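Below is a short briefing for a reader who is meeting this structure for the first time.

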Amino acid sequence: MFDYLIVGAGFAGSVMAERLAVDAGRKVLLIDKRAHIGGNAYDHYDDAGVLVHRYGPHIFHTNSKDVFDYLSRFTEWRPYQHRVRAWVDGQLVPIPINLDTVNALYGLKLTSFELVRFFESVAEPRAEIRTSEDVIVSKVGRELYEKFFRSYTRKQWDCDPAELDASVTARVPVRTNRDDRYFTDMYQAMPRHGMTRMFERMLAHPNIKILLNADYREIRSAIPHREVIFTGPIDEFFDYRFGKLPYRSLHFQFETLNVAQAQPVAVVNYPNENPYTRVTEFKHLTGQEHPKTTLVYEYPRAVGDPYYPVQRPENAELYRNYQALAARTPGVHFVGRLATYRYYNMDQVTAQALTLYAKLVGISRREALASPA
Ligand SMILES: Cc1cc2nc3c(=O)[nH]c(=O)nc-3n(C[C@H](O)[C@H](O)[C@H](O)COP(=O)(O)OP(=O)(O)OC[C@H]3O[C@@H](n4cnc5c(N)ncnc54)[C@H](O)[C@@H]3O)c2cc1C
């Protein structure tokens, strides 16, 4: 009999499995319907021998020392600061928009002080910030909004930013200095030997058994277990009783080129009429040296694997119905991105899992991290 049947071998399920097995001595079975561990963070070597992320680029960044220290038990790190360029008006310019972006686009030589005044002169004041369009035009004006945000958002979400909640773009920074880092978190690094290797080390314990290619719905009655930790879609768990929670999906198109490097930074955004939103060259992230290089093109889709929860009030309401049902379902604990219908980064999911673990065994978050792996 397993103490826990854990559904989903991504960050949420793997952190739960590791802590329950190593710290609390519980016997766990970790299952995933996919053929691999790691969830959406899974990486592998493609046919050309280039290390790629199967579900799009996953860049680790966090301000949580606890999360960084915890994951450091399973990997060494390669320092990596993420940089992104946008292809606008025939040139590659920094995104988030900064001093160099504006100077390059308009052929200007503004200083930071002058850029503040430039933004003030083009910004359209809004009495109330309700939509994603309001967020952007009230900061940088309509022209930069059109160039950088409008079609990107339309491609990504299949609707106009004017119809999207402000929270979708509320965190997009605009800088008046020359800082071109995409993230400003305290800890920014990539697992030195890749994400999957980190998961392998996390899960290498005799109390953890792993079953892949196994859907929970197929095997739940065949496996004796006391409790369930579910990290899949919460609406699926309840057989879509209240209806389906809407997601946006992506199609990933990989391409290997016979050159060592194809673009100057890891990610180039295409906020224009191209059908893809961005192109990632993995070697920038992984630091791998190889005579060839592999890129991935991302094409937003309405159907496919669930990636981005669609943030609308009616969907939040729908989720609350499932959440209430989950609270009334004994012996099942919901954790992770799909089970809580929130777009969380990897560090946030790790923190969420550590918090659930502490609650399950009745200890504090600090105690949950105390025992070394
Ligand atoms: C395109 C994209 C890019 C991203 N980039 C970043 C980034 O740069 N940095 C960052 O921090 N975060 C990024 N994220 C977010 C990151 O992917 C998540 O934070 C992380 O994967 C969440 O882990 P999880 O365990 O909650 O979910 P997942 O990784 O999705 O794992 C859930 C697992 O459950 C399995 N499962 C579901 N249902 C069942 C079932 N019925 N039976 C068995 N198994 C099941 C699934 O197969 C899956 O493997 C990105 C996400 C996307 C979509």
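In which sense do strand β12 (residues 247-257) and strand β16 (residues 308-309) pair, and over how many bridges? They pair in the antiparallel sense, over two bridges. The model is a predicted one, in which local features need pLDDT of at least 70 and side-chain atom pairs count only at pLDDT 80 or more, while totals for chains, interfaces and linings use all residues. Residues are numbered from 1 along each chain as its sequence is written, and side-chain values use heavy atoms, with hydrogens and water left out.

**The sheet of seven strands**

- Strands here are DSSP runs of E with at least two residues, helices are runs of H or I with at least four, and both are numbered from the N terminus; two strands pair if DSSP finds at least two bridges between them.
- An open sheet with mixed pairing is formed by seven strands in the order β8-β7-β13-β14-β15-β12-β16.
- Because β8 and β16 each have a single partner strand, they stand at the edges of this sheet, and one side of each is left without a neighbour in it.
- With strand β15 (residues 293-301), β12 pairs in the antiparallel sense over nine bridges, and the bridge partner of Glu255 in β15 is Leu295.
- Strand β7 (residues 84-88) and strand β13 (residues 267-269) run parallel and are joined by three bridges, with Ala86 opposite Asn269 in β13.
- Gln91 belongs to strand β8 (residues 91-95) and is partly exposed, with a relative accessible area of 27%.

**The sheet of three strands**

- A further open sheet has three strands in the order β5-β9-β6, with antiparallel pairing.
- Its edge strands are β5 (61-62) and β6 (77-79), each of which pairs on one side only.
- Two bridges link β5 to strand β9 (residues 187-191) in the antiparallel sense, and Tyr187 in β9 is the bridge partner of Thr62.

**Helix α4**

- In helix α4 (residues 112-122), the buried residues are Leu115, Phe118 and Phe119, where buried means under 20% relative accessible area, exposed over 50%, and partly exposed in between (1.4 Å probe, protein chains only).
- Seen down the axis of α4, these buried residues fall within an arc of 95°, taken from the directions from the helix axis to the C-beta atoms, so they line one face of the helix.
- The face of α4 turned away from its buried side carries the exposed residues Phe113, Arg117, Glu120 and Ser121.

**Around the ligand**

- The ligand has 32 residues around it, of which Asp32, His58, Ile59, Tyr344 and Met346 come nearest; a residue counts as near if one of its heavy atoms lies within 4 Å.
- Polar contacts are pairs of N or O atoms within 3.5 Å; within protein, one atom must be able to donate a hydrogen and the other to accept it, and residues adjacent in sequence count only if both atoms are side-chain atoms.
- An oxygen atom of the ligand is 2.7 Å from an N or O atom in the side chain of His58, and for the side chain of Arg34 the corresponding distance from a ligand oxygen is 3.4 Å.
- A polar backbone atom of Met346 is 2.8 Å from an oxygen atom of the ligand.
- The ligand taken alone exposes 1000 Å², of which the protein buries 97%; these areas come from the Shrake-Rupley method with a 1.4 Å probe.
- The elements that give two or more residues to the shell around the ligand are α1 (11-23) and α11 (346-361).
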